[in-house]
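I opened my notebook to record what I could look up in one protein structure. My plan was to go from the whole chain down to single residues.

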Amino acid sequence: GILAPDLPLQALIRAEPDLADKPLAVLAGGSQDSHAHKLLAHVSPAARKRLVRPGMTPVQARSILPSILIREVAPGVVHAAHQALVDAAWRFSPNVQTLEPGTIVIDLRGSTFLHPSRAALGNALQTACERLGLHARIGIAGGPQLARVAARMGEDVTVIPPGLEPSILAPHSLDLLQPSEGLANRFALLGLTLIRDLARLDVRTLEPRLGREAAIMHALSRGIDDSPFTPDRPQDLFEESVAFDYTIDRLEPLSFLLGAAIKRLMARLQTRSLACARLRLVLDLDPTGRHFVTLEPPTPHDDHRALLTLLRLSLDQRPPPGPVRGLTLSAISGPIAHQQAELFAPPVMEPLAAATLIARLQALAGFDRVGDAAHARFQPAPASGVPPTGTNRRTARLVLRHLSPPLPLSVVTRDDRPMIL
């Protein structure tokens, strides 16, 4: 199991790396209350050191730490971070199931033979997540729910060997199993606080009194996980979003944020050995409206610098009509195209490099002045005295076309007719 704690906070820092070391808090989403009445849901380590905690109001947090940044995270930013977590898992197994945003489980059967130990496999999973800008906790166990419980037990990698589940889970709190609020209250009324307390009960008397959920919790406490595993369908659309806390009306700062988003998008594609076959940029305008830019590289490619250059040139030709307050990049994936060069022939320019060169020339000379080369047929201007169409050949005179440059010519005539040239 892979767990990304405080996913909205990590998603915000992933989209805006400059916020990594600053005191930062993220408000709880999904509420109709105003900004001032919402509660803090996630707090960065720098803010925790100054005693800011989740559950506070923005007013309370600023009274403790006036310099704290309090932000809301757009759903698209959180979704992109979760999909990056899925892409990291796909590097190890195509069987990936999402349990909730920020929590996924994968089937690692067969992958363990590629690593010295299960702990080494967990470290490799964690490294793959960090390369995509996310810190994850890894849990390896004998079932989907047990793997999620193992990921919640430690900060880094937790491995529960087969057969040792009851002894490893016993000293931990029942909150580790994540019972519903109603079942947790009933556990508290019965004096059940640790997992070992639940494991000692008889399931035959527990299920009729507390329901099916209590029976599932009891099975987990004893190391039994019969939960189904249903892999998600693979996706071919990859998205990255950035929501600004301000508006941008110049191309240079927009290009800086756009370059970081393209780099994150290409890193996700490279993790799955894919390339970008079609790229679409959607700019959210202030106060309303959208601006669209679409690119189709000649071949699927993963060079983020070249794609950024093409997007910048497109924005130079068709700039957004208003200030920008957010952007979304969508890439349709495709297999990486490799170009076969000749051994003894001159090197050939890559298709994406040629497309970039043509876009630069179009920006300099004009869109209608650059294109594919074509053969132009030579049609010299008619000389004076050329007979019009339909003239009788018997009465027509022989006339030479103009030559450029002119050539000296001697003509011998007889009866006003040329005989020798």
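My entries follow, in the order I made them.

**Entry 1: the whole chain**

I noted at the start that this is a predicted model. I looked up the helices and strands. The protein chain has 14 helices and 14 strands. Next I checked burial. Of its 421 residues, 39% count as buried. I then looked up the accessible surface, which comes to about 25200 Å². Carbon and sulfur atoms account for 54% of that surface. Last, I looked at contacts between residues at least 6 apart in sequence. Among these, 59% join residues at least 24 apart.

**Entry 2: helix H1**

I asked myself: how many of the nine residues of H1 are buried? I found seven, so H1 is largely enclosed by the rest of the structure. I wrote down the buried ones: Leu7, Leu9, Gln10, Ala11, Leu12, Arg14 and Ala15. Then I looked for the cover over them. That cover includes the strands E2 (24-27), E3 (40-43), E4 (69-71) and E9. It also includes the helices H4 and H12 (251-271).

**Entry 3: H1 against H4**

I followed up one part of that cover, H4. The axes of H1 (residues 7-15) and H4 (residues 75-90) come within 9 Å. They cross at roughly 95°. That makes H1 roughly perpendicular to H4. I listed the residues that meet. From H1 they are Leu7, Pro8, Ala11, Leu12, Arg14 and Ala15. From H4 they are Val77, Val78, Ala80, Ala81, His82 and Ala84. I sorted the residues of this contact by type: ten are nonpolar, one is polar and one is charged.

Glutamine 83 has a relative accessibility of 14%. The cut-off for buried is under 20%, so glutamine 83 counts as buried. Not counting residues up to four places away in sequence, glutamine 83 touches Gln235 and Arg268.

Then I moved to aspartate 87, which also lies in H4. Is aspartate 87 buried or exposed? I found it buried, with a relative accessible area of 0%. I left aside its neighbours within four places in sequence and listed its contacts. They are Leu132, Gln235, Phe238, Arg268, Thr271 and Arg272. I jotted down a reminder on helices here. An α-helix has 3.6 residues a turn, so residues three or four places apart point the same way.

**Entry 4: the five-stranded sheet**

I turned to the strands. Five of them form an open sheet in the order E5-E6-E1-E7-E8, with mixed pairing. Which strands stand at the edges? I found E5 (96-100) and E8 there. Each has a single partner strand, so one side of each is left without a neighbour in the sheet. I also found a helix on this sheet. H5 (residues 118-131) packs on it and touches E1, E6 (103-106), E7 and E8. The direction of H5 makes about 150° with that of E8.

I took a look at E7 (residues 137-140). Arg137 and Gly139 point one way from this strand. Ile138 and Ile140 point the other way, and all four are buried. Two bridges join E1 (residues 2-3) to E7, and these strands run antiparallel. Here isoleucine 2 has isoleucine 138 as its bridge partner. E7 also pairs with E8 (residues 157-159), in the parallel sense, over three bridges. In E8, valine 157 is the bridge partner of isoleucine 138, and valine 159 is that of isoleucine 140.

**Entry 5: strand E12**

I looked up E12 (residues 324-334) next. Nine of its eleven residues are buried, so E12 is largely enclosed by the rest of the structure. I checked its pairing. E9 (residues 237-248) is joined to E12 by eight bridges, and the two run antiparallel. E10 (residues 275-285) is joined to E12 by ten bridges, again antiparallel.

**Entry 6: H10 and H11**

My last stop was a helix pair. The axes of H10 (residues 203-210) and H11 (residues 212-221) come within 6 Å and cross at roughly 145°. Val203, Leu206, Glu207 and Leu210 in H10 meet Arg212, Ala214, Ala215 and His218 in H11. I sorted these residues too: five nonpolar, one polar and two charged.

Conventions. Residues are numbered from 1 along each chain as its sequence is written. This is a predicted model: local features need pLDDT of at least 70, side-chain atom pairs count only at pLDDT 80 or more; totals for chains, interfaces and linings use all residues. Side-chain values use heavy atoms; hydrogens and water are left out. Axes are lines fitted to C-alpha atoms, for helices over the stretch in contact, and angles run from 0 to 180 degrees between N-to-C directions. Angles under 35 degrees count as roughly parallel, over 145 as roughly antiparallel, 65 to 115 as roughly perpendicular and the rest as oblique. Contact means heavy atoms within 4.5 Å. Ala, Val, Leu, Ile, Met, Phe, Trp, Tyr, Cys and Pro count as nonpolar, Asp, Glu, Lys and Arg as charged, and the others, Gly among them, as polar. Buried means under 20% relative accessible area, exposed over 50%, partly exposed in between (1.4 Å probe, protein chains only). Two strands pair if DSSP finds at least two bridges between them. Accessible areas come from the Shrake-Rupley method with a 1.4 Å probe; for residues, only the protein chains shown count as cover.
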